[in-house]
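Please keep the sequence and the structure in view while reading.

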Amino acid sequence: VLFRSSKAITANPKYLDPHLAIAEVVKTENPQRALEFYTSAIEVHPRSSIIRDKAYLMSELKDDAGALALLDTMLADPPIEEGEGIGEKGSTEATLYKAKAAILADLGRLEKALVAAEAAVKK
């Protein structure tokens, strides 16, 4: 998987799947390297699920502040997902708010987690 995916990225750096494949394969043994591939995947196509996965991994690596900053940055100008029209960013925002709520809850910041969860429901 790693070799094929690396070759695919070299051949076409804008092809999303190999970035995600490598991130998933190396996540357990080399989470910092996985973060690099999540970052490159977000640059190729900023899907809310990829942003969420990167934020969760950052949180697992004890970079909760970085994870929350990533989510806040993306919430300030959410990317448009496939299937959403211009100005329709509801599902993207909901996914990002849910991720923020989960990280805040893990930190014991339940009031802020509740605010984020409520924002997700409203989207």
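Two axes count as roughly parallel when the angle between them is under 35 degrees. In this predicted model, the axes of α4 and α6 cross at roughly 10° and come within 9 Å, and α4 and α6 are therefore roughly parallel to each other.

**Packing of α4 with α6**
- On the α4 side the contact involves Ser-48, Ser-49, Ile-51, Arg-52, Ala-55, Tyr-56 and Ser-59, which meet Thr-92, Thr-95, Leu-96, Lys-98, Ala-99, Ala-102 and Ile-103 of α6.
- By residue class, this contact of α4 with α6 comprises seven nonpolar, five polar and two charged residues.

**Packing of α2 with α3**
- The axes of α2 and α3 lie 8 Å apart and the two helices pack at an angle of about 160°, which makes α2 roughly antiparallel to α3.
- The crossing of these two helices, α2 and α3, is left-handed, and α2 contributes Leu-16, His-19, Leu-20, Ile-22, Ala-23, Glu-24 and Val-26 to the contact, while α3 contributes Pro-31, Arg-33, Ala-34, Phe-37, Tyr-38, Ser-40, Ala-41 and Val-44.
- Eleven nonpolar, two polar and two charged residues make up the contact of α2 with α3.

**Packing of α3 with α4**
- The axes of α3 and α4 cross at roughly 155° and come within 10 Å, so that α3 is roughly antiparallel to α4.
- Here too a left-handed crossing is found, with α3 passing α4, and the residues that meet are Pro-31, Ala-34, Leu-35, Tyr-38, Thr-39, Ala-41 and Ile-42 in α3 and Ile-50, Ile-51, Asp-53, Lys-54, Leu-57 and Met-58 in α4.
- The contact of α3 with α4 divides into ten nonpolar residues, one polar residue and two charged residues.

**The largest nonpolar core**
- The largest nonpolar core holds 29 residues, of which Ile-51 and Leu-71 touch the most other members, and at least two residues of this core come from each of α2 (16-26), α3 (31-44), α4 (48-60), α5 (64-76), α6 (90-106) and α7 (110-122).
- Leaving aside residues up to four places away in sequence, Leu-71 touches Ile-51, Ala-55, Leu-96, Ala-99, Lys-100 and Ile-103.
- As background, nonpolar side chains in soluble globular proteins tend to be buried together.

**A loop residue with positive phi**
- Lys-62 lies in the loop between α4 and α5, and its phi is near 70°, a positive value in a residue other than glycine.
- For context, most residues other than glycine have a negative phi.
- Lys-62 counts as exposed because its relative accessibility is 71%, where exposed means over 50%.

Terms used
Residues are numbered from 1 along each chain as its sequence is written. This is a predicted model: local features need pLDDT of at least 70, side-chain atom pairs count only at pLDDT 80 or more; totals for chains, interfaces and linings use all residues. Side-chain values use heavy atoms; hydrogens and water are left out. A nonpolar core is a set of buried Ala, Val, Leu, Ile, Met, Phe, Trp, Tyr and Cys residues joined through side-chain atoms within 4.5 Å. Buried means under 20% relative accessible area, exposed over 50%, partly exposed in between (1.4 Å probe, protein chains only). Helices (H or I, at least four residues) and strands (E, at least two) are DSSP runs, numbered from the N terminus. Contact means heavy atoms within 4.5 Å. Axes are lines fitted to C-alpha atoms, for helices over the stretch in contact, and angles run from 0 to 180 degrees between N-to-C directions. Angles under 35 degrees count as roughly parallel, over 145 as roughly antiparallel, 65 to 115 as roughly perpendicular and the rest as oblique. A crossing is left-handed if the near helix is turned anticlockwise from the far one by less than a right angle, and right-handed if clockwise. Ala, Val, Leu, Ile, Met, Phe, Trp, Tyr, Cys and Pro count as nonpolar, Asp, Glu, Lys and Arg as charged, and the others, Gly among them, as polar.
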